Amino acid sequence: MNSRQASPSNCDICGATQTLSLTIHNIRHRAHTRRYCTNCVLKQHPGLFCPICFDLHEDSLLAPHHRLMCVRCPSIAHRSCVFPSTTAAESTPPFFCPICLDSNFTFFSPPDRKTGAVDVQSAKVLVAAARIAALSMSKAAAAARFDAERRAREAAVARKRAKEALEHLAEILAREQDEELNGNASAGGRRRGA
């Protein structure tokens, strides 16, 4: 994480503000909610989308002959996006994703200052980042729900054990009280008879 202290409207990685990146997304990363700008969402999740057309891979993995993996990172592109004129049978040169080719690469171009319009490419980037963020938070919600259900079951078992322990204690105390009363009654009867 960056040494800068991030405010609620800043990206936790690059420090971009809400106005510069258009949108700051909430992402669940290693059990913590993080705030990432559109560029950082995509840079942190390179294997979830095609870096050319920005379609998410979702749960279905592309067949090996329909995908290209970046030589340097886990980015996966559609073969048809990178080399539209080749067939799957043809050999292709090594693939380098845009981030690996240029360390200063950004996916998202800020909107036009005069009109506020976003180009089509940036709109696709924004949608991909938003879908990744939604997927991340959905998985976090499912994990939280599972954890809450597990804790509720554990609490019910603990409550049952505590109730049983209290009932057992009440039985022991009642027996001790009966023994004490019976012991006092018999000792009192011996004194009167003496």
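Student: I'd like to begin at one residue. Where does Ala-117 lie?

Tutor: Ala-117 sits in the loop that connects helix 4 (98-101) to helix 5 (120-193). Helices here are DSSP runs of H or I with at least four residues, strands are runs of E with at least two, and both are numbered from the N terminus. Before we go on, two notes on the source. Residues are numbered from 1 along each chain as its sequence is written, and side-chain values use heavy atoms, leaving out hydrogens and water. This is a predicted model, in which local features need pLDDT of at least 70 and side-chain atom pairs count only at pLDDT 80 or more, while totals for chains, interfaces and linings use all residues.

Student: Is Ala-117 buried, partly exposed or exposed?

Tutor: Buried means under 20% relative accessible area, exposed means over 50%, and partly exposed is in between, using a 1.4 Å probe and protein chains only. Ala-117 counts as partly exposed because its relative accessibility is 43%.

Student: And which residues is Ala-117 in contact with, beyond its neighbours within four places in sequence?

Tutor: A contact means heavy atoms within 4.5 Å. With those neighbours set aside, Ala-117 touches Pro-111 and Asp-112.

Student: Let's step back. How many helices and strands does the protein have?

Tutor: There are five helices and four strands. Reading from the N terminus, the order is α-β-β-α-β-β-α-α-α. Of the 194 residues, 24% count as buried. Among contacts between residues at least 6 apart in sequence, 50% join residues at least 24 apart.

Student: How many disulfides does the structure hold?

Tutor: A disulfide is a covalent bond between the sulfur atoms of two cysteines. The test used here is a pair of cysteine sulfur atoms within 2.5 Å. The structure holds zero disulfides. Cys-14 is in none, and its nearest cysteine sulfur, on Cys-37, is 3.6 Å away. Cys-97 is in none either, with the sulfur of Cys-73 nearest at 3.5 Å.

Student: Now the charged side chains. How many salt bridges does a search of the whole structure find?

Tutor: A salt bridge is a side-chain nitrogen of Lys or Arg within 4 Å of a carboxyl oxygen of Asp or Glu. The search finds three. Asp-147 pairs with Arg-150, their closest N and O atoms being 2.3 Å apart, and also with Arg-151, at 3.1 Å. Arg-150 in turn bridges to Glu-154 at 2.9 Å. Together, Asp-147, Arg-150, Arg-151 and Glu-154 are linked in a network.

Student: Why are Arg-150 and Glu-154 separated by about one helical turn?

Tutor: Because they are four residues apart in helix 5. Asp-147 and Arg-150, also in helix 5, are three residues apart, again about one turn.

Student: Which residues form a nonpolar patch on the surface?

Tutor: Patches are built from residues with over 30% relative accessible area and no salt bridge, joining like charges within 9 Å and nonpolar side chains (Val, Leu, Ile, Met, Phe, Trp, Tyr) within 5 Å. Here Leu-166, Leu-169 and Leu-173 form one, with about 290 Å² of accessible area together. Leu-169 lies in helix 5 and counts as partly exposed at 41% relative accessibility. Areas come from the Shrake-Rupley method with a 1.4 Å probe; for residues, only the protein chains shown count as cover.
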